[in-house]
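Here is a walk through one protein model, from the overall fold down to single side chains. Have the viewer open as you read.

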Amino acid sequence: MPKKESFLVNRIKSVGFALRGAVLLIRTEASIKIQVFIAIVMTSAGFYFGITKTEWILQIFAIALVLGVEGMNTAVEKISDYIQPEFDEKIGFIKDIAAGAVMLVSIASSIIGLIIYLPKFF
């Protein structure tokens, strides 16, 4: 019987797998590359305009939410394509819902960005 790994070793491996997944996501998905670019621009804007701690919290949360939901959308698309490589109306419905979730989070995040940055311009 193989020796059971310690809790700490398992956590370290889990973090490694998660980092690998994040790198794969950024390397392989065009939409996430755009969103990472936008995140960098918005982070730079935060430093430039000297946004408050609360605004940083909201901005970081919005960025993380968009990137995380986009990652889940990508996972849904990949597993759907693996399960059913041919066009399937039900799979299309599932993929549309996942894409819709990204859109809703992106709209909310854009509104947060407008609330933070529009007053800085006026």
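Is Phe47 buried or exposed? Phe47 is exposed, at a relative accessible area of 63%. The labels work like this: buried is under 20% relative accessible area, exposed is over 50%, and partly exposed is in between, using a 1.4 Å probe and protein chains only.

Some ground rules before going further. This is a predicted model, where local features need pLDDT of at least 70 and side-chain atom pairs count only at pLDDT 80 or more, while totals for chains, interfaces and linings use all residues. Residues are numbered from 1 along each chain as its sequence is written, and side-chain values use heavy atoms, with hydrogens and water left out.

**Overall fold**

The protein has four helices and zero strands, giving the pattern α-α-α-α along the sequence. Because its radius of gyration is 18 Å, well over the 14 Å that the globule rule gives for 122 residues, the protein is more spread out than a compact globule. (That radius is taken over C-alpha atoms, and the rule is 2.2 Å times the number of residues to the power 0.38.) Helices here are DSSP runs of H or I with at least four residues, strands are runs of E with at least two, and numbering starts at the N terminus.

Of the 122 residues, 22% count as buried. The protein exposes about 9,300 Å², and carbon and sulfur atoms supply 74% of that; areas come from the Shrake-Rupley method with a 1.4 Å probe, and for residues only the protein chains shown count as cover. Take the contacts (heavy atoms within 4.5 Å) with a separation of 6 or more: residues 24 or more positions apart account for 65% of them.

**Salt bridges**

The structure holds four salt bridges, each meaning a side-chain nitrogen of Lys or Arg within 4 Å of a carboxyl oxygen of Asp or Glu. Among them are these:

| Pair | N to O distance |
|---|---|
| Lys13 and Glu5 | 2.4 Å |
| Lys78 and Glu29 | 3.4 Å |
| Asp81 and Lys95 | 2.6 Å |

What does the Lys78 and Glu29 pair link? The two belong to distant parts of the chain, 49 residues apart: Lys78 is in helix H3 (residues 53–83), and Glu29 is in the loop between helix H1 (7–28) and helix H2 (30–49). Glu29 is buried, with a relative accessible area of 14%.

Asp81 lies in helix H3 and Lys95 in helix H4, so this pair ties together parts 14 residues apart in sequence. Asp81 is partly exposed at 37% relative accessible area, and Lys95 is partly exposed at 22%. As for the remaining pair in the table, Lys13 is partly exposed at 38% and Glu5 is partly exposed at 35%.

**Aromatic rings**

Back to Phe47. A search of the whole structure finds four aromatic pairs. Phe47 and Trp56 form one that is tilted, 4.9 Å centre to centre with 55 degrees between the planes. Rings of Phe, Tyr and Trp (its six-membered ring) pair if their centres lie within 6.5 Å; planes under 30 degrees apart are stacked, over 60 edge-to-face, and the rest tilted. While Phe47 is exposed, Trp56 is buried, with a relative accessible area of 19%. Elsewhere, ring pairs link Tyr48, Phe49, Tyr117 and Phe121 into a cluster.

**Along helix H4**

Helix H4 covers residues 89–121 and includes Met103. Met103 is partly exposed, at 48% relative accessibility. Together with Leu104, Ile107, Ile111 and Ile115, Met103 forms a nonpolar surface patch with about 520 Å² of accessible area in total. Patch residues have over 30% relative accessible area and no salt bridge; like charges are joined within 9 Å, and nonpolar side chains (Val, Leu, Ile, Met, Phe, Trp, Tyr) within 5 Å.

Ser109 also lies in helix H4, but counts as buried at 15% relative accessibility. Which residues does Ser109 touch, not counting those up to four places away in sequence? Ala62 and Val66.

Ile91 is in helix H4 too, and counts as buried at 15% relative accessibility. Leaving aside neighbours within four places in sequence, Ile91 is in contact with Ser80 and Gln84. Ile91 and Thr74 are 17 residues apart in sequence and 14 Å apart in space, C-alpha to C-alpha.
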